[in-house]
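My notes follow the display.

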Amino acid sequence: MAADVHPSAIIAPGARLGDGVRIGPFCTLGADVEIGDAAELVSHVVVAGRTRIGPRAAIYPFASIGHPPQDLKYRGEPSRLEIGADCLIREGVTINPGTAGGGMVTTIGDRCVLLAQAHVGHDSRIGDDVILSNNVMVAGHVRIDDFAILSGGVAVHQFARVGAHAFVGGVTGLEGDLAPYGLAFGNRARLAGVNLVGLRRRNFSRESIANLQEAYRMLFAEGAPLSARIDATERALGSDPHVAVVIAFLREGGDRPLCRPRRGADDDE
């Protein structure tokens, strides 16, 4: 089925539109843009640069997708933006492509929801099924893993990592790495335990939740160095696949400090 393009839309020669794409009034697409099958740009959407948007995406008015990154070191290199299938991108969302200093690509996974006025900076990597609520600000070089949820007004520092199934409470400034399944809130963010609500909604077993709670208790207790706590947790609970994800995240390390509880925020690494 051919694309349905409103007469007021401007589609540059070279842009590729999949079957059943709908382009609404006053949208603008650049020459290197690719829109997947059955995607819809409602109206007043601008897609620029080397941007690929997956099938069945829905993008709402005044979204700005793929324009040059907000990085003063950017010199026009042919970087990319890749957005997966079945994503919902609401009004005023901005997403920037990559840079030479960060791998040349920004990626958004499948089934992600970006609510009004959210921003994803250059070279960030967003996993599948991630929710960014209204006015979330994701800086450059950030990694957000599958099923993470960031509430309204959250700001994530550049190079920070947010683990899978983690939850960040509203109006939180997240400066460091948030471990998988974690719950954080505050200014600045402090770890508040395991994301129990999210895990129950996704039908994690009682045993898995209990193991994660015990792993968090061991990993974020005061006293021994973090490396020793990780080893002890792995010996005790490492056979649980979800605990293994947390341990791998902590062993991998990152460019930002680890988000810890307000008490016991000893920086022993």
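**Ground rules.** I worked from a predicted model, in which local features need pLDDT of at least 70 and side-chain atom pairs count only at pLDDT 80 or more, while totals for chains, interfaces and linings use all residues. Residues are numbered from 1 along each chain as its sequence is written, and side-chain values use heavy atoms, with hydrogens and water left out.

I looked up the strand order first. I took helices (H or I, at least four residues) and strands (E, at least two) as DSSP runs numbered from the N terminus, and I called two strands paired if DSSP finds at least two bridges between them. An open sheet of nine strands runs in the order 2-5-8-11-14-17-20-23-26, and the pairing is parallel. Strand 2 (10–11) and strand 26 (173–174) are its edges, each pairing on one side only. I then checked strand 2 against strand 5 (residues 28–29): they run parallel and are joined by two bridges. Ile 11 stands opposite Leu 29 there.

**Entry 2, strand 12.** I found strand 12 paired in the parallel sense with strand 9 (residues 50–53) over four bridges. It also pairs in the parallel sense with strand 15 (residues 105–108), over four bridges. Glu 82 of strand 12 stands opposite Arg 52, and its bridge partner in strand 15 is Thr 107. In a regular strand the side chains alternate between the two faces of the sheet. For strand 12 I noted Leu 81 and Ile 83 on the covered face and Arg 80 and Glu 82 on the uncovered one.

I defined a nonpolar core as a set of buried Ala, Val, Leu, Ile, Met, Phe, Trp, Tyr and Cys residues joined through side-chain atoms within 4.5 Å. Buried means under 20% relative accessible area, exposed over 50%, and partly exposed in between (1.4 Å probe, protein chains only). The largest such core has 68 residues, and Ile 95, Leu 132, Ile 144 and Leu 150 have the most contacts inside it. Among the elements that each supply at least two residues of this core are strand 12 (80–83) and helix 2 (206–219). I counted heavy atoms within 4.5 Å as a contact. Away from its sequence neighbours within four places, Leu 132 contacts residues including Val 113, Val 138, Ile 144 and Leu 150.

Helix 2 and helix 4 pack at about 30 degrees, with axes 9 Å apart. They are therefore roughly parallel to each other, since angles under 35 degrees count as roughly parallel. The contact includes Leu 212 and Tyr 216 of helix 2 and Val 243 and Val 246 of helix 4.

His 141 lies in the loop between strand 20 (137–138) and strand 21 (143–144). Is His 141 buried or exposed? Its relative accessible area is 17%, so I logged His 141 as buried. Beyond four places in sequence, its contacts include His 122, Asp 123 and Phe 159.

Gly 24 sits in the loop between strand 4 (22–23) and strand 5, and is buried at 11% relative accessibility. Gly 24 is 18 residues from His 6 in sequence, but 5.3 Å away C-alpha to C-alpha.

Asn 96 is in the loop between strand 14 (94–95) and strand 15, and is buried at 6% relative accessibility.

Definitions and conventions: Axes are lines fitted to C-alpha atoms, for helices over the stretch in contact, and angles run from 0 to 180 degrees between N-to-C directions. Angles under 35 degrees count as roughly parallel, over 145 as roughly antiparallel, 65 to 115 as roughly perpendicular and the rest as oblique.
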